[in-house]
Amino acid sequence: MTNRLQQLRATLAARELPAMLLTAPTSRRYISGFTGSAGALLISAEAAFLLTDGRYLIRAAAEAPHFTLREVRPPARPMTALIADLASELGIKRLGFEAAVMTVAEHRQYTAALGNAIDLVPTENIVEELRMVKDASEIALLRRAAAITDAALAAVLPSLTPTMTEREAAWRLEVALHDLGAEGPSFQIIVAAGRNSARPHHTPGDDVLGEGQPIIIDMGARLDGYHADLTRTIVLGQPDNTFRAVYAATLKAQQAAMQALRPGLPWSEADAIARRVIGEAGYAEGIAHSLGHGVGLVIHEAPWLRITAPDAPPSPPLQAGMVTSIEPGIYLPEWGGVRTEDLVLITTDGYELLSQAPK
């Protein structure tokens, strides 16, 4: 965690910010290691404070040993008052905050507590940009989460029957994730059968899996806060010709995009490659979402593998150490859909496939 703190301080110095207030749970966890549900970090070039209430003091001391711990005691000493006191002690005149996280009401409270002596400076994506490139410990956790996901799918697939409901199949997958060591699922598991599979984020219901129709299964294990993400599309019984054609186009698009992955490739170009393959197969109208997204402490995070508008700034490049999903899909409302998704690690000379479930 000390390296992450150093990286954050270097970023703040580059932006000419003397201090930063972090209130997003993922930011707290990433920078300090603290996993509690309430608290904040106040970080300057000289100091690193972790502020939380009495419920988490023991946990905070164990998880964030490199931070100075301060107890919040509402209503006598609320977070805003403690931040104001510490900022004054440190001589802070400008304090950055996470604009995408702090509410308008919270901003008013901090403004009132800090007074005119300290300016609140909105910032965006400071910690998020640090989180894009994973370190060795994060990659190890993502490998394990992907392996648990693969194993859970393999354990449940043989038990699926045409009369089983989507809801029951999703529950069996969730139980398998727990049994194999996951904290829980990365998100609400998707099982979408028949025409429901044309809805990329379908909620499993009481429709049965049926025979000869597409069934999209989208799932992932969460392990020590890190998420996996895997999608497979299957058929119970014999697939029809439409399935064979749509599946082939989807898989070809995924393989083409993967083959191009390397450091320096613009995020948008990976998406464009998959779109071209799907369009050449005649299914351009069936594209409903981008090619992929980063995965880590959040199930959807940067890098964002999606096309950009012609007048938009150039898309950022992939970097070694990024972990992203590659998940092209084709969705035909009157028939159903196909999506295949894997996690990949961008390496110094290409990529490494983290998902191993058969396709």
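**Exercise 1.** Work out which residues of helix 7 meet which residues of helix 8, and sort the contact by class.

*Solution.* Start with the helix 7 side: Ile148, Thr149, Ala152, Leu153 and Val156. Their partners in helix 8 are Arg172, Leu173, Ala176 and Leu177, where contact means heavy atoms within 4.5 Å. Sorted by class, that contact has seven nonpolar, one polar and one charged residues. (Ala, Val, Leu, Ile, Met, Phe, Trp, Tyr, Cys and Pro count as nonpolar, Asp, Glu, Lys and Arg as charged, and the others, Gly among them, as polar.)

A quick word on the model: it's predicted, so local features need pLDDT of at least 70, side-chain atom pairs count only at pLDDT 80 or more, and totals for chains, interfaces and linings use all residues. Residues are numbered from 1 along each chain as its sequence is written, and side-chain values use heavy atoms, leaving out hydrogens and water.

**Exercise 2.** Describe how helix 7 and helix 8 pack.

*Solution.* Take residues 136–156 for helix 7 and 166–179 for helix 8: the angle is about 130°, and the axes lie 9 Å apart. That makes helix 7 oblique to helix 8 (under 35 degrees is roughly parallel, over 145 roughly antiparallel, 65 to 115 roughly perpendicular, the rest oblique).

**Exercise 3.** Do likewise for helix 9 and helix 10.

*Solution.* Here residues 241–260 pack against residues 267–280 at about 150°, axes 8 Å apart. So helix 9 is roughly antiparallel to helix 10. For the contact, Ala249, Lys252, Ala253, Ala256, Ala257 and Ala260 in helix 9 meet Ala270, Ile273, Ala274, Val277 and Ile278 in helix 10. The class tally is ten nonpolar, no polar and one charged.

Conventions
Axes are lines fitted to C-alpha atoms, for helices over the stretch in contact, and angles run from 0 to 180 degrees between N-to-C directions. Helices (H or I, at least four residues) and strands (E, at least two) are DSSP runs, numbered from the N terminus.
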